[in-house]
Amino acid sequence: MSGLPAATRGWLTGPGLARLWQEARKRLESNGVQATGSLRLTAMNAQERNDLSLLLGKPLTGAAATVRLDVLDARLRASAAGLGLRQTLEELGPPLTDRRAARADVAARREQVWSSLASSLDLSPLADQEWPRRWYDLLRRAGVPKGVTPEAAIRTLQQAVQVLTALLGPEGPKRNGTLGRGELAAMATGSAHGLDDGTWLARLVQRGVALAHATKFPDDAAGRRALWRLVSVTPDEVSSTVLTYGLRPEGEGWRERALRERADHHAEVHVTPRDLHGLRLQLPARTLIHICENPRVVEAAADAACVQPLVCTSGSAATVVFTLLDALAVTGCRFAYHGDFDWPGIALANRVIRRYEARPWRMGSADYEHLAARSQAEGIPQLALDGQPVDADWDSDLAPAMTALGVALHEEATLDVLVTDLSRQT
């Protein structure tokens, strides 16, 4: 129930005092909700000047006025309102927020995050080691990620200490064999995905492992997997795959024989990071490896019993794709690349061509224009080219040609030509 008489409330909420209450609210919320200090109103109109004169009990004639908040508080208490400034503002609007106290509370809760981490480290078996102090300092400088509450931060940091104790504490080296990352995550968080790449907990643990082993923190997925292996943790190396066709590595290991047999039967192969650890990828010198973007090209090549080896990026190219291509490059293989004629496709082509000095494969402006004209003549619905243009490193005319026609062409539009190329004996 309102503490202000109806008539008084009606007058106080009039347009002549609206700016006064707005500025008074800002001032009280910033100074501990105390009616101290003053505020200044400028460019007042006649109604504002008249209403403020009545409220303060003194005539105001200028366009500006300085209002002492303690005087305003006293006038309100002595008026029909019968309430002080703070109570009046809360009657007229939402409750006041003590921003100074709120900031102090946030600072205290933030400090609690780091005092909790320091305490967890001091009480852990890691306390006698040197690297945890550097880890603590590094984390404190970096701060808590945006959106993570202090309570969640405390919980995650404690989980990180728990995981690092299991990996690097006195009992860690005595563990026999390896431990799966999912298993380790479930032990610490209750979820097998708690240490997945990209999670804050995974980054915290990896920072600690890197410091403990005096190694640089990795900036790619392959490096992060290597970091896990330093502490005998096996990351998931079977769910991510690279799609291949026609690879015939030399050697008599079962992996090499399996690839050659699949190639003999014109069958595609999904190669995992786990496969690559034990695979000897030695191909005849200067073997040409064709690279495509879409799995449909591999499927068509297999159906047509093509003879040329092929690696598929399956879109944006996961780390395992580059791991395989890197290994092939080391053996002296050459590469030819084809992808989609859209802006993401050109960006990926630039990346692959730069990294492996690959030659463009049916990726010139003439190829694009021919395919666009052919698809239009065949009555194929045109796919609009969206996004920001990307210049092609290998053909300065390609981006302008694509911009002019405004048509995106996926690899499926040129399957027949690609399959013909892959069918030729070199």
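Is Q308 buried or exposed in this model? With a relative accessible area of 5%, Q308 is buried, where buried means under 20% relative accessible area, exposed over 50% and partly exposed in between, computed with a 1.4 Å probe on protein chains only.

## Basis of the model

This is a predicted model, in which local features need pLDDT of at least 70 and side-chain atom pairs count only at pLDDT 80 or more, while totals for chains, interfaces and linings use all residues. Residues are numbered from 1 along each chain as its sequence is written, and side-chain values use heavy atoms, with hydrogens and water left out.

Q308 is placed in the loop between α14 (295–303) and β8 (310–312); helices (H or I, at least four residues) and strands (E, at least two) are DSSP runs, numbered from the N terminus. A polar atom of the Q308 side chain lies 2.6 Å from the backbone oxygen of R424. A polar contact is a pair of N or O atoms within 3.5 Å; within protein, one must be able to donate a hydrogen and the other to accept it, and residues adjacent in sequence count only if both atoms are side-chain atoms.

E48, which belongs to helix α3 (residues 46–56), is likewise buried, with a relative accessible area of 10%. Its side chain makes a polar contact with the side chain of R19 at 3.0 Å. When residues up to four places away in sequence are not counted, E48 touches P15, G16, R19 and A43, contact meaning heavy atoms within 4.5 Å.

## Helix α2

Helix α2 (residues 18–30) has 13 residues and reaches 19 Å from its first C-alpha to its last, close to the 18 Å expected at 1.5 Å a residue; the expected span is 1.5 Å times one less than the number of residues. Its buried residues are L20, W21, A24, R25, L28 and E29. Seen down the axis of α2, these buried residues fall within an arc of 150°, so they line one face of the helix, the arc being that of the directions from the helix axis to the C-beta atoms. Just after α2, G32 takes a positive phi of about 80°.

## Helix α11 and its surroundings

In helix α11 (residues 221–230), the residues A221, R225, L227 and W228 are buried. Viewed down the axis of α11, its buried residues fall within an arc of 155°, so they line one face of the helix. They pack against α8 (150–168), α9 (181–189), α10 (200–212), β4 (233–234) and α15. The N-terminal end of α11 is capped by D220, a side-chain oxygen of which lies 2.7 Å from the backbone nitrogen of G223, and α11 is followed by S232, whose phi is positive, near 60°.

Q206, in helix α10, counts as buried at 2% relative accessibility. Leaving out residues up to four places away in sequence, Q206 touches D197, F217, R224, L227 and W228. The C-alpha atoms of Q206 and A267, which are 61 residues apart along the chain, are separated by 39 Å.

## The six-stranded sheet

An open sheet of six strands has the order β6-β5-β8-β7-β9-β10, with mixed pairing, two strands being paired if DSSP finds at least two bridges between them. The edge strands are β6 and β10, each of which pairs on one side only. β7 and β9 pair in the parallel sense over four bridges, and F335 in β9 is the bridge partner of I289. β9 also pairs with strand β10 (residues 359–360) in the parallel sense, over two bridges, where R359 in β10 is the bridge partner of A336.

## Nonpolar cores

The largest nonpolar core has 44 residues, and those with the most contacts inside it are L328 and F335; such a core is a set of buried Ala, Val, Leu, Ile, Met, Phe, Trp, Tyr and Cys residues joined through side-chain atoms within 4.5 Å. Among the elements that each supply at least two residues of this core are β7 (288–292), α15 (319–330), β9 (334–337) and α16 (343–356). The largest share, seven residues, comes from α16.

Leaving aside its neighbours within four places in sequence, F335 is in contact with residues including L288, I289, I291, L325 and L328. Apart from this core lies another, of 35 residues, among them I154, A160, L168 and L227.
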